[in-house]
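Here is a friendly walk through a few local features, from charges over rings to backbone angles. Have the viewer open as you read.

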Amino acid sequence: LPAAEAVRQRIKALRRRLDELPDGSKVLNLACGPAIEVRDYLKLNPHKRIQFDLLDHDIQTTRYTSTNIRDARVRHLIGNAFQIIKGDYRTATPRKLMWNYCSPKSDFRNPSKRWQVPLKYSLGELQLQRYDLVYSAGLYDYIEDVQSNSQRGVRALTKRLFDLLRPGGQLVIGNFLAQSAENPHLMSHRLMMEVYSDWKLIYRSRTEIESFLSALPVDQYSYQYTNEYFDKSNSLPSAIGFLHVTKK
């Protein structure tokens, strides 16, 4: 189906983007999922000095990446996009031998368990102006756009991620596209996803995706819009739109 093919193509495109990074680069993958592109990149580039932070809110995802991507160049972090929206960049990583005893939702929210947090987790914080590449391929499809408040929703998240970039760094964010004549992801496909698979996304037009940038200082960035192939001509039918935002 077009949605599945679009996801496969964005993985390939991200993999090519990683190949362009110079030695010494630092990368943040927000809502990393299985991070297939990172796994493949590291296998094929054992001597490249690229540092990856793989961040996800789901401890099962973090457990998966830490098991399947064993590399000193990678940190496996638990963090929450909605905390980042509020300017809270704190992260946590379960300590060795503690994975089976960690439940972040309970550990961090239950006052009676907070004393256990330093014992179970190694705590850290994402650093501002640290990263050469920050990307999030499949997160924005689930976050609302609060047009009346730039301190919330996708616009605030875009600003917070932009603040993590070094000058010259790039932010890459994607969102599934709304129905159009150029979009192969048809309404029938969407209904099947939502009814059969309970996979519900927020679909947006190119204009709506470009509006994510409205909270950024206009003189501090440039951007390009592409499809899931990262084809700047946008000549191919596409189901996902991507913003490539470069910090000046």
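## Charges over rings

In this predicted model, arginine 130 sits over the face of tyrosine 131, 5.6 Å from the ring centre. Lysine 247 does likewise with phenylalanine 162, at 5.1 Å from the ring centre.

## Aromatic pairs

Searching the whole structure turns up seven aromatic pairs. Take tyrosine 41 and phenylalanine 52: their ring centres are 5.8 Å apart and their planes meet at 65 degrees, so the pair is edge-to-face. This pair links distant parts of the chain, with tyrosine 41 in helix H2 and phenylalanine 52 in strand S2, eleven residues apart. Both tyrosine 41 and phenylalanine 52 are buried.

Phenylalanine 162 and tyrosine 221 have ring centres 6.4 Å apart and planes at 80 degrees, so this pair is edge-to-face. Because phenylalanine 162 belongs to helix H7 and tyrosine 221 to strand S8, the pair ties together parts 59 residues apart in sequence. Phenylalanine 162 and tyrosine 221 are both buried. There is also an aromatic cluster made of Phe176, Trp199 and Tyr203.

## Helix H7 and its cover

Helix H7 spans residues 153-163, and nine of its eleven residues are buried, so the rest of the structure largely encloses it. Among the buried ones are Gly153, Arg155, Leu161 and Asp163. Their cover includes helix H4 and strands S1, S6, S7, S8 and S9.

## Positive phi angles

Most residues other than glycine have a negative phi. Aspartate 198 has a positive phi of about 55 degrees; it is in the loop between helices H8 and H9 and, at 57% relative accessibility, counts as exposed.

Asparagine 234 also has a positive phi of about 55 degrees. Asparagine 234 lies in the loop between S8 and S9 and counts as partly exposed, at 26% relative accessibility.

Note on methods:
Residues numbered from 1 in each chain as written. Predicted model: local features only at pLDDT ≥ 70, side-chain atom pairs only at ≥ 80, totals over all residues. Heavy atoms only, no water. Buried < 20%, exposed > 50% of the residue type's maximum accessible area, 1.4 Å probe, protein only. Helix = DSSP H or I, 4+ residues; strand = E, 2+ residues; numbered from the N terminus. Contact = heavy atoms within 4.5 Å. Phe/Tyr/Trp six-rings, centres within 6.5 Å; stacked < 30°, edge-to-face > 60°. Lys NZ or Arg CZ within 6 Å of the ring centre and 35° of its normal.
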